[in-house]
Amino acid sequence: MSEIKYKRVMLKVSGEALAGEAHRGLDFDVINSVCAAIKECVDLGVQVGLMVGAGNFWRGVKDGADKMQRSHADAMGMLGTVMNSIAVADALGKHGVDARVLSAVEMHKFCEYFTRDLADRYLNEGKVVIFAAGTGNPYFSTDTGVVLRGVEIEADAILMAKNVDAIYSADPNKDPNAVRYSRLTYSEALAKNLRATDITAMALAMDNNMTMVCFGLDEENSIIRVVRGEEIGTTVKNEF
């Protein structure tokens, strides 16, 4: 265990990432790659909580904008996260990893209802816990959800696996002069309005003194490298 920096982590993977190059639906090559990395973490003794977005199926703010009542659009997004969570749990099982899906919204036919103590018990038993349905409330993103659950389970760090390899001053795909950050304080990130996550998620992490690492999912062995303490992506803390 000497090679592990973070014993208990809360990992966020975007729904868009699970879609792969198709940008919609599920790419099981991508899912299996993520599951293989999670298995490696579990084999090293890391306790893994996971939250998956729903952008490969539906984004309430974007897809429902001006067409639906926001709470209804966000409810559809929560259901999308449940679909993704069930798919990832199934794939983890095929990798020999015991996984449990805990939903913030009761739906006993498909998954268990989330409580903090149940999640903690499963993690201590070596199971991967997949948190579905975000916070269970509209107007909150899965970025905020992953920080909330990370705080609740007392994770050592929030791992944000993104489609970009770090936090930048601007979109690096649009601005060739965008500055890449390797370290930031929450105060700096909020003052510079750096939208690696939404403001609510960033503020919640800051208030609870939670370490956050934003990195690229596509980078080779990125998840296990972060768990081992390698400085990839951008680390955000209250102070260094």
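Here is a short tour of a few spots in this structure, which is a predicted model.

**Helix 6 and its ends**

Let's start with helix 6, which runs over residues 142-152 and is mostly covered, with eight of its eleven residues buried. The buried ones are T142, D143, T144, G145, V146, V147, R149 and G150. After helix 6 comes E154, and its phi is positive, near 60°.

**A closer look at T144**

T144 belongs to helix 6. Is T144 buried or exposed? Its relative accessibility is 4%, so T144 counts as buried, the cut-off for that being under 20%. Leaving out residues up to four places away in sequence, T144 touches D198, T200, A201 and L204.

**S14, in a loop**

Now hop over to S14, which you'll find in the loop between strand 1 (8-13) and helix 1 (15-19). S14 has 11% relative accessibility and therefore counts as buried. Its side chain reaches the backbone nitrogen of A17 at 3.1 Å. If you again skip residues up to four places away in sequence, S14 touches G53, A161 and N163.

Here are the side-chain to backbone-nitrogen contacts from these sections, put together:

| Side chain of | Backbone nitrogen of | Distance |
|---|---|---|
| S14 | A17 | 3.1 Å |

**Where helix 2 meets helix 4**

Last stop: a pair of helices. Helix 2 covers residues 28-43 and helix 4 covers residues 70-94; their axes come within 9 Å and cross at roughly 60°. Because of that angle, helix 2 is oblique to helix 4. The crossing is right-handed. Which residues make the contact? From helix 2 they are I31, N32, C35 and I38, and from helix 4 they are V88, A91 and L92. Sorted by type, the residues of this contact come out as six nonpolar, one polar and no charged.

If the spacing along a helix looks curious, there's a handy rule: an α-helix has 3.6 residues a turn, so residues three or four places apart point the same way.

Note on methods:
Residues numbered from 1 in each chain as written. Predicted model: local features only at pLDDT ≥ 70, side-chain atom pairs only at ≥ 80, totals over all residues. Heavy atoms only, no water. Buried < 20%, exposed > 50% of the residue type's maximum accessible area, 1.4 Å probe, protein only. Helix = DSSP H or I, 4+ residues; strand = E, 2+ residues; numbered from the N terminus. Axes fitted to C-alpha atoms, helices over the stretch in contact; angles between N-to-C directions. Parallel < 35°, antiparallel > 145°, perpendicular 65-115°, else oblique. Left-handed = near helix turned anticlockwise from the far one by under 90°. Contact = heavy atoms within 4.5 Å. Nonpolar A, V, L, I, M, F, W, Y, C, P; charged D, E, K, R; others polar. Polar contact = N/O pair within 3.5 Å; in protein donor to acceptor, adjacent residues only side chain to side chain.
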